[in-house]
Amino acid sequence: MGSETMTTVLESAAKPTRVLGGVLAMTLDALVILCTRRFSWREAVQQAWFIARVSLVPTLLVMLGFTLLVIFEVNLLLKDLGALDLAGGIAGIASVQQIGPFVTVVVVAGAGGTAMCADLAARTIREEIAAMQVLGIDPIQRLVVPRIVAAVLVSLVLNVLICAGGLVGGYFFSVYLQGVTPGAYLASIPLFTGLPELGVSMFKALVFGLIAAIIACYRGLNVAGGSKGVGDAVNQAVVITVAVLVPVSLSITLVQFAVL
Amino acid sequence: MSLTSPRLGVLRDASIRGIDAIGAHGVFYARVFKSIPRTFRHHPGEILRLIAELGTGTGALALVGGSVVIVTSITFFAGAVAAAQGFESSSSIGVGSLSPLLAAFFTARLSTPLLAGVALSVTLGAATTSQLGAARISEEIDALEVMAIPSVPYLVTTRLLAGMIVITPLYVFATLGGFLADYLLLVFFYDVGQGNFSHYFFLYLHPLDIVFSYIQVLGMVVVVMLVHTYYGYTAKGGPAGVGEAVGRSVRASLSGVMIVNLLIAMAIYANFNTFHLAG
């Protein structure tokens, strides 16, 4: 009896490791196939359109809530310090360096990732994936690789949108609600934020989009059980993505400060 | 072209569906709030069970410690990002030793409530949609109604109340996680100095800020539970429909949570600013 319990414990301890291995194996497969085999453009374009369509409205709303709140509160702080003319600089830091990529993550994981995971999980449950394999079509080449490329592309585009939207929204907030001089706002943006920072921001968005797509695809293709299983898969995909991406964001930020 | 042209018809149908959806949400939320007394009378045990379940999570998420651990780790890393950015920006204008002040300000007021909102929506919220959606698809909700148990108080209102109760310990851990990250990063990574840290950090950490951010989080959890239960309760279309409902609900609640947070924060801080550098 004792050894049986031991085996069960070992089994459940080994499970996360096995999942991690599965994710890495799928990523490697996808990378190799991306470089060696034919790329299905049609699927990638359709997926990019699909992700962009489901993400656009949440992006704008989350950006409004997130970036504008930070700019609003920091302006209160700056007003007390008597440094309101730095409002633009802070808006640049907020929307381009930190919040832009983060909102991109939340939206790509929460909107695009969930939709992608639900779609793939539904196909797995309906045994469409198994049917594809029987027909000799590799689901990684036909489904996963185009989705990863599409998610990365869309997160880059959304990141630009969020950075620009944050700066413009911050302008209206600072100038019309909190009495910052328009010229001072514009002039202080480049104080803290330049081309290298924008580059890092885009790099973050790229990495985030990649991770979100990989986790969503893996969880969608490895779904088990009926309707509860599909719901749980989508839920886990988005939880895991957000939980993984926040530490990744910290690491990139620390490396950026050490290098730049 | 008259009004009956197909394109106009599609547009008209879409706008009617939009108005319909707003009405359906409103009616559902009204039913949820109306059944609060009934829920307290008839299902106190279910509320307790759900508190335990929401706090620890189910399935694979319980393996890593459930919602508490996930929410805390998210606010921990967000606090660390805020502290790092605060230190770098303030030392670039030569006031790096003031960075604990910035950390206290950003962590208590911004990063903890915002990130807790995102984390709540993806942990508690998405799990709720998935549960209720599965119950709807496997006709468990219809079975409840057949047994003359009103499903909204039993399934939905209990979840709303459990979420509002479980948020208190969750919020405590989330806030402490953020502060711990500030401390570790500034003192051990950036060498700000422990005395300097505790002086400036506690000097500018206004207790009311924490109360306000708790109010923000409480507002967000109400929105999260309402939106997610709605999408779960009305899921349709087989197993695939549950997945779709989870995705839809995460999109809706993320947007809702952020807007609600912005409105609460503006209502509080625009009229009542607790931050005074000069005392």
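Tutor: S155(A) lies in helix α5 of chain A, residues 139–178. Helices (H or I, at least four residues) and strands (E, at least two) are DSSP runs, numbered from the N terminus.

Student: Is S155(A) buried or exposed?

Tutor: S155(A) counts as buried because it has 30 C-beta neighbours inside 10 Å. A residue is buried if 20 or more other C-beta atoms lie within 10 Å of its own, exposed if 12 or fewer, and partly exposed in between, with C-beta atoms placed from the backbone.

Student: What is this model, and how are things numbered?

Tutor: This is a predicted model, where local features need pLDDT of at least 70, side-chain atom pairs count only at pLDDT 80 or more, and totals for chains, interfaces and linings use all residues. Residues are numbered from 1 along each chain as its sequence is written, while chains are lettered from A and ligands numbered from 1 in the order in which they are written.

Student: Back to S155(A). Which residues is it in contact with, leaving aside neighbours within four places in sequence?

Tutor: On that basis S155(A) is in contact with T104(A), V108(A), A205(A), L206(A), F208(A) and G209(A). Two residues are in contact if their C-beta atoms, placed from the backbone, lie within 7 Å.

Student: How far apart are the C-alpha atoms of S155(A) and E128(A)?

Tutor: They are separated by 28 Å, with the two residues 27 apart along the chain.

Student: What does chain A look like overall, in helices and strands?

Tutor: Chain A has 8 helices and 0 strands. Its C-alpha atoms fill a box of roughly 70 × 50 × 35 Å, taken along the principal axes. Of its 260 residues, 52% count as buried. Among contacts in chain A between residues at least 6 apart in sequence, 88% join residues at least 24 apart.

Student: What does UniProt list for chain A?

Tutor: An unreviewed UniProt entry lists "transmembrane region" for residues 19–36, 48–72, 143–169, 202–221 and 233–259 of chain A. UniProt positions are given in the numbering used here, feature names are shortened, and annotations may be inferred rather than shown by experiment.

Student: How much of residues 48–72 is helix in the model?

Tutor: Residues 48–72 of chain A are 100% helix and 0% strand, with end C-alpha atoms 33 Å apart. Residues 233–259 of chain A are also 100% helix and 0% strand, and there the end C-alpha atoms lie 38 Å apart.

Student: Switching to chain B. How many helices and strands?

Tutor: Chain B has 11 helices and 0 strands. The box filled by its C-alpha atoms is roughly 65 × 60 × 35 Å along the principal axes. Of the 279 residues of chain B, 51% count as buried.

Student: Which spans of chain B does UniProt list as "transmembrane region"?

Tutor: The unreviewed entry lists residues 59–82, 102–127, 160–190, 210–231 and 252–272 of chain B. In the model, residues 102–127 of chain B are 100% helix and 0% strand, with end C-alpha atoms 35 Å apart. Residues 160–190 of chain B are 97% helix and 0% strand, and their end C-alpha atoms lie 42 Å apart.

Student: Where does α6(B) bend?

Tutor: α6(B) bends by about 50 degrees at T107(B). The bend at a residue is the angle between axes fitted to the seven residues ending there and the seven starting there. α6(B) is mostly covered, with 39 of its 39 residues buried. Just after α6(B), E139(B) takes a positive phi of about 60 degrees.

Student: And α3(B): which residues are buried?

Tutor: The buried residues of α3(B) are L50(B), E53(B) and L54(B). They cover an arc of only 95 degrees around the axis, so they sit on the same side of α3(B). The arc is that of the directions from the helix axis to the C-beta atoms. On the other side of α3(B), P44(B), G45(B) and A52(B) are exposed.

Student: What do the buried ones pack against?

Tutor: The buried residues of α3(B) pack against α5 (66–92), α6 (99–137) and α8 (151–189) of chain B.

Student: How many residues of chain B are in contact with chain A?

Tutor: 53 residues of chain B are in contact with 51 residues of chain A. α11(B) gives the most to the side of chain B that touches chain A, with 19 residues.
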